[in-house]
Amino acid sequence: MDRLNRIFVAIQTEGFSESTLLLIDKYVNDIKNGTEDFPRFNLQEHAGFSKGGTPLIGASIVACYATASLTASRHAEGCEGSPANWEIDELQERLIEEWARAANLWEDDSEQILIGEFGPMIAQGAEAKVYYKDGNTSVVKERTSIYSTTQKALDAIALHNYLFPETAMKVIGFTRDGDGLMRIVLTQPYVNCLRLATKEEIDNMVAAKGFQDNWNGQGVNYISGRMALEDMHPANVFIDTITEEPICIDCIVKFV
């Protein structure tokens with residue numbers, strides 16, 4: 001039995017006990033050290049996965065267990081077809097919260113803690129709340145999922161880090177906001193913006209990474225053989241003050 005399956009069995013039989021947490025932690029450390037692979041990512045993408053921090057890797061393991069256990073349960077009951085995305089997402093969220101609480105990676109009142117430690121909220125959108133204190137080299141974000149499952153939201157962080165290592169995101173914990181939405185708490189380098197990037201500059205940047213326009217040259221969506229980039233509009237891609245090169249701070253990225 002491989003290590004991932006041993007972890008799955010431990011979660012199923014013991015929940016997030018001390019011994020289960022130890023199994024997860026050892027696997028996480030070996031993934032970070034490059035001595036173990038995680039099956040969702042190829043060798044190049046693993047660098048972005050590791051940059052996302054141990055909480056990202058741990059949550060991804062738990063999310064994979066949630067999907068596998070729900071699918072196996074359906075098959076055992078003789079049901080046809082795969083579980084719906086909303087069912088998968090619901091179980092992934094619940095189990096990640098259980099794991100994060102057991103691993104001391106969950107905070108019930110994160111907003112006040114983040115304001116006290118990292119500075120006031122400077123921006124709030126549909127996907128993220130952003131906190132920043134003048135002079136810091138990083139911002140902190142509470143990021144909610146706009147993806148069909150929590151696993152895909154976690155994947156997006158790893159894939160962003162692989163494609164845009166200069167603005168790599170590092171997960172530091174998990175919480176829920178006042179509306180009950182699960183949020184991933186992460187840090188990201190602060191970018192000094194010279195100006196917003198043009199469509200041509202964005203086209204050239206992603207073309208160098210193997211992407212082509214996916215909307216007849218008129219949109220902000222791009223595709224490669226393995227991934228899709230969306231929401232690559234100028235508000236998410238700046239020209240960096242120092243390098244004077246386009247730099248992506250946020251986008252939608254997923255496997256095709």
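I take strands to be DSSP runs of E with at least two residues, numbered from the N terminus. The model I examined is a predicted one.

**Entry 1: the largest pocket**

I began with the open spaces. The largest pocket holds about 420 Å³ of space. I found that 21 residues line this pocket, and that A123, V130, K141, F238 and I249 are the closest to its centre. I then asked which element supplies the largest share of the lining. That element is β1, with 3 residues. I noted that β1 spans residues 121-124, and that β2 (128-131), β3 (138-144) and β5 (182-189) likewise each give at least two residues to the lining. Sorted by class, the lining has 13 nonpolar residues, 4 polar ones and 4 charged ones.

**Entry 2: the second largest pocket**

I next looked up the second largest pocket, whose volume is about 180 Å³. Its lining consists of 13 residues, of which E107, I113, L114, I172 and V185 lie closest to the centre. Here I recorded a helix as the main contributor: α6 provides the largest share, 5 residues. Helix α6 covers residues 110-118, and both α6 and β4 (170-176) supply at least two residues of this lining. The classes I counted for this pocket are 8 nonpolar, 3 polar and 2 charged.

I then turned to cavities. How many cavities of 30 Å³ or more are there? The count comes to 1. The volume of the largest cavity is about 50 Å³. I listed its lining as E93, R143, T144, S145, T150, A153, M182 and I184. At least two lining residues come from each of β3, α7 and β5. By class, I noted 3 nonpolar, 3 polar and 2 charged residues around this cavity.

**Entry 3: the packing of α3 and α7**

Finally, I examined a pair of helices. Helix α3 comprises residues 43-51 and helix α7 residues 150-163; their axes are 7 Å apart and the helices pack at an angle of about 115 degrees. I class α3 as roughly perpendicular to α7 because of that angle, since the range for this class runs from 65 to 115 degrees. I recorded the crossing of the two helices as right-handed. On the α3 side, the residues in contact are Q44, E45, G48, F49 and K51, and they meet A158, L159, N161 and Y162 of α7. I sorted the residues of this contact into 4 nonpolar, 3 polar and 2 charged.

Conventions:
Residues are numbered from 1 along each chain as its sequence is written. This is a predicted model: local features need pLDDT of at least 70, side-chain atom pairs count only at pLDDT 80 or more; totals for chains, interfaces and linings use all residues. Side-chain values use heavy atoms; hydrogens and water are left out. On a 1 Å grid over the protein atoms alone, a cavity is a set of points where a 1.4 Å probe fits but cannot get out, and a pocket is an open set with protein on both sides within 12 Å along at least five of seven lines; lining residues have an atom within 4 Å of a point. Grid points are joined across faces, edges and corners, and a volume is the space filled by probe spheres set on the points. Helices (H or I, at least four residues) and strands (E, at least two) are DSSP runs, numbered from the N terminus. Ala, Val, Leu, Ile, Met, Phe, Trp, Tyr, Cys and Pro count as nonpolar, Asp, Glu, Lys and Arg as charged, and the others, Gly among them, as polar. Axes are lines fitted to C-alpha atoms, for helices over the stretch in contact, and angles run from 0 to 180 degrees between N-to-C directions. Angles under 35 degrees count as roughly parallel, over 145 as roughly antiparallel, 65 to 115 as roughly perpendicular and the rest as oblique. A crossing is left-handed if the near helix is turned anticlockwise from the far one by less than a right angle, and right-handed if clockwise. Contact means heavy atoms within 4.5 Å.
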